[in-house]
Amino acid sequence: MTSEIELAKLTRELMQACQSSVPSAVRLLNRTMPSIKRQVTTDALRRGPLSFWGRSRNHDEFADARIVPAPILQLLATFLGKDLSPETPHAGIQHCYGYLFSNLETPYGFKRSRWIETGIEESFGLSLDTLGPDPQQGTLLANATYFTGMIAFRGNSDASSRLRRLLKMKVAQDLTGGAFLKCPHFRLSEQVRCDYRSVKQTWTLQTDVVQATNDFAVLAYSVKNHKSNRHELITLFPVDPNTAETIKERGQLQHDGEIRPRYNAYVPALQGRVFSGRIAFHTF
């Protein structure tokens, strides 16, 4: 298992190599962590995990700093075969591979910790490398997409069916049984309606929390555009019991409230704005 210290050191070396040239950084990464190129190029193939994700802001509001350095995103883009915006990149690429190479320390720790530590796997009975930097089965992004999607798309038969159809044979086998869905699960659905490109449109900002144990839960955040019928994943991360309880209490109010995109989601029509909308709460 790659450690926090090893990845922090490699990130610094990659940044230095990028100052010389991106090909130099590519050679360094291929020499030190060859699985990253293999995983990203695999993910970029047609009918892979990329289409399930939205876009994310590459800025941490608590640390008030860029999360993933632009050269790291440029490096990943060479494997991906397409550009990545340094400000609003693909959420899955940023939150999985980009976070591995982020040395930004936030009030909640390093972003990569969710993939370096094995709390998610241990708590949900998964193989310890399933959501790590180099899984034995699947890729980090494909496995994270399946795990997050099975949670966020619960109750959305079209999205969950598409997820299983495209990814079930490409991910770690211990994910496909969906045993983690037997854990307590609650959802906040925050709905807003506003004009965008001269058309009145509706979005749902969805927060799902799945409680594995009394001491451990994960949060999955996603965004649904009702006009296009697009349901896009944004992020997945562990939350402590106090945070989970605070989110639950907010949802249980079940009334109109202030709504805005959270957890670095980038939704162009909603950015920088606070709306009044309906907050619904649901348990599974």
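Predicted model: local features only at pLDDT ≥ 70, side-chain atom pairs only at ≥ 80, totals over all residues.
**Overall form**

Eleven helices and twelve strands make up the secondary structure of the protein chain. Its radius of gyration is 18 Å, close to the 19 Å that the globule rule gives for 284 residues, so the chain is as compact as a globular protein of that length. Along the principal axes, the C-alpha atoms fill a box of roughly 55 × 45 × 35 Å. Among contacts with a separation of 6 or more, 63% are between residues 24 or more positions apart.

**Burial, surface and charge**

Of the 284 residues, 52% count as buried.

| Property of the protein chain | Value |
|---|---|
| Positive side chains | 35 side chains |
| Negative side chains | 27 side chains |
| Distance between the centres of the two sets | 10 Å |

**Nonpolar cores**

The largest nonpolar core contains 67 residues, and those with the most contacts inside it are I36, Y97, F101, F124 and F147. Helix α8, which spans residues 140-152, supplies the largest share of this core, with nine residues.

F124 illustrates how such a residue is surrounded. When its neighbours within four places in sequence are left aside, F124 is in contact with F147, F180, C183, V210, A212, F216 and V218. A second, separate core has 24 residues, among them F186, A244, A265 and V267.

Technical notes:
Residues numbered from 1 in each chain as written. Heavy atoms only, no water. Helix = DSSP H or I, 4+ residues; strand = E, 2+ residues; numbered from the N terminus. Rg over C-alpha atoms; globule rule 2.2 N^0.38 Å. Buried < 20%, exposed > 50% of the residue type's maximum accessible area, 1.4 Å probe, protein only. Contact = heavy atoms within 4.5 Å. Lys, Arg positive; Asp, Glu negative; His and termini not counted. Charge placed at Lys NZ, Arg CZ, Asp CG, Glu CD. Core = buried A, V, L, I, M, F, W, Y, C linked by side-chain atoms within 4.5 Å.
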